[in-house]
Amino acid sequence: MSVDKTFYVTTPIYYVNDKPHIGHAYTTLACDVLARFKRLDGYDVKFLTGTDEHGQKVEKSAEGFGTSPQELADRNSANFRELAARLDCSNDDFIRTTEPRHIRSVQALWARLVAAGDIYVGHYEGWYSVRDEAFYGEDELVPGPNGTKHAPSGAPVEWVKEPSYFFRLSAWQDRLLAWYEANPDCIGPQSRRNEVISFVKGGLQDLSVSRTSFKWGIPVPGDDAHVMYVWLDALTNYITAIGYPDITGEFARYWPADLHMVGKDIVRFHAVYWPAFLMAAGLEPPRRVFAHGWWTNEGQKISKSVGNVIDPVALIERYGLDQVRYFLLREVPFGNDGDFSHRAMVQRMNSELANDYGNLAQRVLSMIGKNCAGQVPQHGEPGADDREMLDAAHGLLPKVRDAIDRQLFHEALEAMWGVIRAANGYVDRQAPWALKKTDPARMGTVLWVLAETVRNLALLTQAFMPAASGRLLDQLGIGPDARTLHHCGSHHALKPGTPLPAPAGVFPRFVEEEGAA
Ligand code: MSP
């Protein structure tokens, strides 16, 4: 069966100068939820992640570690690949910018830009931040300690003076503004869109796209003295992975990307430079760039010098993978900054997962196990309260889908938890344990309504918490081919008499160790 609907989603590719931290895990997880949701919703999904391996920052770090940049890249790229696996991330490809397929692709794009007349040779003189791998205008700098100047990100800057190729970015100002105007959804959230538009309206300088003062990069075709600016190299990964420079096949199928997910610090590269490069090369710009916020740790900015970097693997080991996936996407409205704290993590894990969702499923499944011969119960005609419960569960999909399509993960989860809370209220009201003696047929109906509610919830929580949701679906006797979002709703409702395996809890409580804070 060929699927017509495609969805191409990408994470930023991560610098290999450092180990993976919570910020990387966050972006990757958000994309994984989208990719899983879209697959379950019938799309042919391509989900890409990978590593950004060239540039001065990686070269300098390698020097500091006393290794070659390639060795550092090999080691850290493996760490990022391993992280994706630990996150149970469903990426279809993992790209490295040192791969031959990528070098070929970037050089082909460069040739297109030259042929289009958008690249010329000149001389760059100005500020550069190695940490940000970004050029800054004098007017953008902010005062740093001891009278120094810093990038707006707080990164140090240095004065660079060298021969350079330039991309005619200034010529793209009006066409970029027209693109933003014609595509209201091309940048989200709105605050970032406004920021980008005002930056572009403020006037664009031509962009230096090659460097001569170091070697760790992709050579400019025909001029080996230059390596390409790392952002031109890195951004191109999104088309390399679908076969560029071949624009038939996967490229034709998946481009333009449906979504480049990025952090708020790298919006300008994705929403200004990248669409300009693409349009100059005669290619379509991406459909949407969405920028999420940054995490702090117990209220403090995360930084290596402070020593409060959060290791995502340690989090998973402590709280569990599904719990971490849930927390990161539930705790903050996606797009805003958020704070990671042990207290908040445990609070959500215990109250929303163990109490609300876990107890609901556990109560229902164990009552069915004990009182209905371990089979989906027979049910009578639903009454008003039953119907209201079923309608809420069966009506979730469009609400969740709409939130997911706008990257509002917290809203999607909030909608599901509204139904979970309603179901807990329904159990208390209907008290099926009391019906066991007085009206067993009615007990069967109530438990069936609840099991059907949990089935719909578990289908929808799969994208967020694949393992726990899968175990819930196992316990409801749902086979592997009945777990798509097409199976939400009344037409695939649980069949009375279906045998069910013995129930087991899927959301453990977090219990503080003795003496721990
Ligand atoms: N290599 C570039 C991206 C190139 S994409 C063509 C890069 N890499 S990075 O490794 O420095 O950062 C990757 C992502 O991590 C960015 O989207 C950044 O916003 C995100 N985060 C870094 N620290 C973060 C937090 N503390 N919280 C959330 N995300 C954070 O930039």
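Figure 1. C31 is buried, at 0% relative accessibility; buried means under 20% relative accessible area, exposed over 50%, and partly exposed in between, with a 1.4 Å probe and protein chains only. This is a predicted model, in which local features need pLDDT of at least 70 and side-chain atom pairs count only at pLDDT 80 or more, whereas totals for chains, interfaces and linings use all residues. Residues are numbered from 1 along each chain as its sequence is written, and side-chain values use heavy atoms, with hydrogens and water left out. C372 is likewise buried, its relative accessible area being 13%. A disulfide is a covalent bond between the sulfur atoms of two cysteines.

Figure 2. A nitrogen atom of the ligand lies 2.7 Å from a side-chain N or O atom of D52. An oxygen atom of the ligand is 2.5 Å from a polar side-chain atom of D265. At Y15, a polar backbone atom is 3.2 Å from a ligand oxygen. The protein buries 94% of the 680 Å² that the ligand exposes when taken alone; accessible areas come from the Shrake-Rupley method with a 1.4 Å probe, and for residues only the protein chains shown count as cover.

**Figure 3. The shell around the ligand.** The ligand is surrounded by 22 residues, the closest being I13, D52, G263, D265 and W295; a residue is near a molecule or strand if one of its heavy atoms lies within 4 Å of it. The shell divides into twelve nonpolar, eight polar and two charged residues. Elements that each supply at least two shell residues include strand 2 (14-15), helix 1 (22-40) and strand 15 (259-263). Helices (H or I, at least four residues) and strands (E, at least two) are DSSP runs, numbered from the N terminus. Helix 7 gives the largest share, three residues.

**Figure 4. Y238 in helix 8.** Y238 is placed in helix 8 and is buried, with a relative accessible area of 1%. From C-alpha to C-alpha, Y238 and I95 are 9.0 Å apart in space, although 143 residues separate them in sequence.

**Figure 5. Pairing of strand 5.** Strands pair if DSSP finds at least two bridges between them. Strand 5 (residues 119-129) runs antiparallel to strand 9 (residues 158-167), joined by ten bridges; V121 has Y165 of strand 9 as its bridge partner. Strand 5 also pairs in the antiparallel sense with strand 6 (residues 134-136), over three bridges, and S129 stands opposite A134 of strand 6. Four residues lie between the strands of this hairpin, in which E133 takes a positive phi near 50°.

Figure 6. Strand 17 (residues 295-297) and strand 18 run antiparallel and are joined by two bridges, with Q300 of strand 18 as the bridge partner of N297.

Technical notes: A polar contact is a pair of N or O atoms within 3.5 Å; within protein, one must be able to donate a hydrogen and the other to accept it, and residues adjacent in sequence count only if both atoms are side-chain atoms. Ala, Val, Leu, Ile, Met, Phe, Trp, Tyr, Cys and Pro count as nonpolar, Asp, Glu, Lys and Arg as charged, and the others, Gly among them, as polar.
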